[in-house]
Amino acid sequence: MSDLVHHESSTTRPTPAPIPHALRRADIDPKAARRAERQVAIMFALSALFTVLFVIAFVAIDPSVEIGLPVIGTTSALNVSMGLTFGLAIFLIGTGAIHWAKKLMPDVEVVEERHEFASSAEDVAAASETFKVGAAESGVMSRPLIRRTLLGAMALFPIPLIVTLRDLGPDPATSKFHTMWRSGMRLHTDVSNQPIRAADIPVGNLINAIPDGLEEVEHEEGNLNERAKSVVVVVRIDPADIRSQQGGTAEEPWDYNGILAFSKVCTHVGCPISLYEQRTHHLLCPCHQSTFDLADGGKVVFGPAARPMPQLAITVDSEGYLVAQGDFTVPIGPSFWELS
Amino acid sequence: MRFLASQRRHPLAGFAVMLAALVVTGLSFAAIDSGTEQVAADTVSETVVAQGKTLFAEGCSSCHGLNAEGTTDGPSLIGVGAAAVDFQVSSGRMPMAAQGVQAPRKQSIYTEEEIAALAAWVASTGPGPAIPEPSDYDTTNADLSAGGEKFRVNCAQCHSFSGGGGALTNGKYAPNLDAATAKQIYEAMITGPQNMPVFSDTTLTKQDKQDIIRYIEELRKGSNPGGLDLGQYGPVTEGLFLWTAGFAALIAAAIWIGVKAK
C-alpha cells in the first residue's frame, strides 16, 4: 500500500535522479585502506596517550607555576596542560571515529522509503470500538453525579497555582514613586560619606553622591533598596553651557551655579551609570549605550532609554553645603506599567 | 656582506631594513629616555619660565596659540595648571601626532626638565592645579580595601573593574591604567584630561586618591591564570571572541564531517 501511495505522489513531484556512487581510494586500493586504518588507530592511540598525560600533569605540575606562551601571555601551566591534554584526548576520539566512518565504513547511498502516516482503517475502527465500549462500561454518561463532580474537581485544581503567585513579593504600592530625598537633606560623597561644599566643586567635576543619613538606615529596613533608588551623580557645568533643565525658575533654579544633580539609575533597565564625558556633558550607560545630555535636561540623545534622566533639584544650606530641594518629581529608574 | 648584497633585491628586503631601522630607533630612544633623572622643580626661576615659553612656541603654539589662548585646532591652556601639562606631556599624549577624537598615550618626546619648564610657563599664564608633590601620591599609608571600594564607585564605570579601560562615544575611550604612574593617576584626577571629569582634592580627598592609586597598583600584580585576557574589557570582547573564533571552529568541523571522502 505504501508503494502505491508513493507512486501516486511521484506524479506531482518527480523523483530525483539517483546519485552515481563513486568509489573511494580505500575501496579500490588495499594499501590506501591500510593507511586509513593506521591513521585512525594512531588517533585513538594518541587520545589514550593524552589521557595518561592529563593524569601525569594533574599530579606533577604545581598549581602556582606560570608559563609564558605566545599570543596567550603568562598563564598557569597546570590550567594549560590539563585543558590541552583533556581536550585533545576527547577531540582525537571524535576525529578518529569520523575518519574511520568516512574512509572505511560502507558509504553506499541507500534510499529509505517513507511509510504512510495514517493508521490502517482496521486499527482506527478497533481503537474507536475499544473507546466506545470503555465509555459505556465506565458509566460516565449514565451517572451524571460522578461526571459533574469530576469536571468540577478538575476545573478547580489549577487554582492553587494562581493563589501562590501572591508569594512573589509584597505589593510595591507607591514605593517606586518616592526615594528618601527630602527638602534640606545634605548630599554626601559615596563611600567616604562626607558633606559636599558647593565652593569646593570645580567646573568639570564629577561626584558620586548619596543622601545624608543613608548609612544609618539599617539593612533590615531596606538600606540597599534606599541606596539603589537615591544614588545621584553631581556634576558642575559652566552655566553658559546649560541649555535646559527639568524644572525650576530664574529665582529658584534646580541647579546651583551650574552644579547639577541627576539620578544615577538608567531609565532603560536600571543600570547604575556614571560614565560622564565632561566636554560633551554626556552621561553614558554601559549596558545598552543609552546616552543622556546633562546640559540639556538629561534628554536621551542615543540608545533605548525612553525617559530623560530624572534631575534632583538642589541648592545650598546656610553653611554652603549642597542640599536637596526635595524628592525627585518623577520616579527614577526604568519605566513601569503604573507610570503615566 | 656578499650575502647581504646578493639579497638586497629580495621582495622582503625592504621590510627587513625598515624593521631593523625601527628597532634601532626605538632601542636608542628607550636608552636615552631611561637615562633621565628626576629633577625637583621646587624653585621656578624666570629662566625656566622663559625656556618653557620657547619650548611652547616651538612645540605647542601651532594648535594652542602663541600665548596659550587656544585656536580652532586646540583649546586654551590658560588656567589648566602645571599638573595638566605634566600629565599630558609626560604621558606622551601631547603633542598629538595627528588631530583626532582622542590623544593616545605614547612615548614622551620631552625630558623631565623640558616638561617642568613647559609646565612652569603654562602655570604662569593663569592659576590652576599644581604638579602634586611625591608625598601627595605616596601610598605607604593607603588603605587597599577602601581604595577598592572608592575605585569601583568613582573609576570603574569607565576604566572597568580591572583598570583595563573601555569605550566611550564617537571613538573616544577611557584608557587602560597599566602604564600610568602614580603621579600621572593623581594628575589625571585633579585635572580631568580630555573627557575625564575632574575629581578635585576637595571632593575626593588626598587620602581617597592614595587609596585608589594603591588599589590600581595592586590590580596590576594580579596573576592571570586564564592567559589571554582580551584587554580585560569584560563579557563583550569575550562574547565576541567566542561567537567568531569559536563558531568558526565549529563550522569548520561541521564542514569537514560533511565532506565526502575521496
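In this predicted model, the largest nonpolar core holds 84 residues, and those touching the most other members are A:Val234, A:Leu283, A:Ile314, B:Ala119 and B:Val122. The biggest giver to this core is helix H6 of chain B, residues 112-124, which puts in nine residues. For a closer look, take B:Ala119. Once neighbours within four places in sequence are set aside, B:Ala119 is in contact with B:Ala82, B:Val85, B:Asp86 and B:Ile131.

Just how much of each chain goes into the contact between the two? Chain A brings 40 residues and chain B brings 28 residues. On the chain B side, helix H7 (144-154) and helix H8 (156-159) each supply at least two residues. H7(B) has the largest share of that side, at four residues. Sorted by class, the side of chain B that touches chain A comes out as 12 polar, 11 nonpolar and five charged residues.

Chain B has some other spots that deserve a look. Helix H11 of chain B runs over residues 235-258, and at 1.5 Å a residue its 24 residues should span 34 Å; the C-alpha atoms at its ends are 33 Å apart, so the two values agree. Elsewhere in the chain, B:Gly59 sits in helix H3, residues 46-59 of chain B. B:Gly59 counts as partly exposed because 17 other C-beta atoms lie within 10 Å, which falls between the limits of 12 for exposed and 20 for buried. From B:Gly59 to B:Cys158 is a stretch of 99 residues along the chain, and their C-alpha atoms are separated by 31 Å.

The peptide bond running from B:Met94 to B:Pro95 is cis, with omega near -5 degrees. B:Pro95 belongs to the loop between helix H5 (82-90) and H6 of chain B, and H6 is the helix that gives the most to the core described above. Further along, B:Asn170 is not a glycine, yet its phi is positive, at about 50 degrees. B:Asn170 is in the loop between strand S1 (166-167) and strand S2 (173-174) of chain B, and it counts as exposed because it has 10 C-beta neighbours inside 10 Å.

Over in chain A, strands take the stage. An open sheet of five strands is laid out in the order S3-S4-S5-S6-S11, with antiparallel pairing. Its edges are strand S3 (187-189) and strand S11 (311-312) of chain A, each of which pairs on one side only. S3(A) runs antiparallel to strand S4 (residues 206-211) of chain A, and three bridges join them. The loop between S3 and S4 of chain A holds A:Val191, a residue other than glycine whose phi is positive, near 70 degrees. With 18 other C-beta atoms within 10 Å, A:Val191 is partly exposed.

Strand S1 (residues 66-69) and strand S2 (residues 73-76) of chain A pair in the antiparallel sense over four bridges. Among the bridge partners, A:Glu66 goes with A:Ser76, while A:Gly68 goes with A:Thr74. Three residues lie between the strands of this hairpin, and there A:Val71 takes a positive phi near 70 degrees.

How far can the model of chain A be trusted, going by pLDDT? The mean pLDDT of chain A is 91, and 96% of its residues reach 70 or more. Residues 1-6 of chain A are another story: pLDDT stays under 50 there, and the model has six contacts for them beyond four places in sequence. Where pLDDT is low, the predicted coordinates should not be read in detail.

Technical notes. Residues numbered from 1 in each chain as written. Chains lettered and ligands numbered in written order. Predicted model: local features only at pLDDT ≥ 70, side-chain atom pairs only at ≥ 80, totals over all residues. pLDDT = per-residue confidence, 0-100. Contact = placed C-beta atoms within 7 Å. Pairing = 2+ DSSP bridges. Nonpolar A, V, L, I, M, F, W, Y, C, P; charged D, E, K, R; others polar. Expected span 1.5 Å × (residues − 1). Core = buried A, V, L, I, M, F, W, Y, C linked by C-beta atoms within 7 Å.
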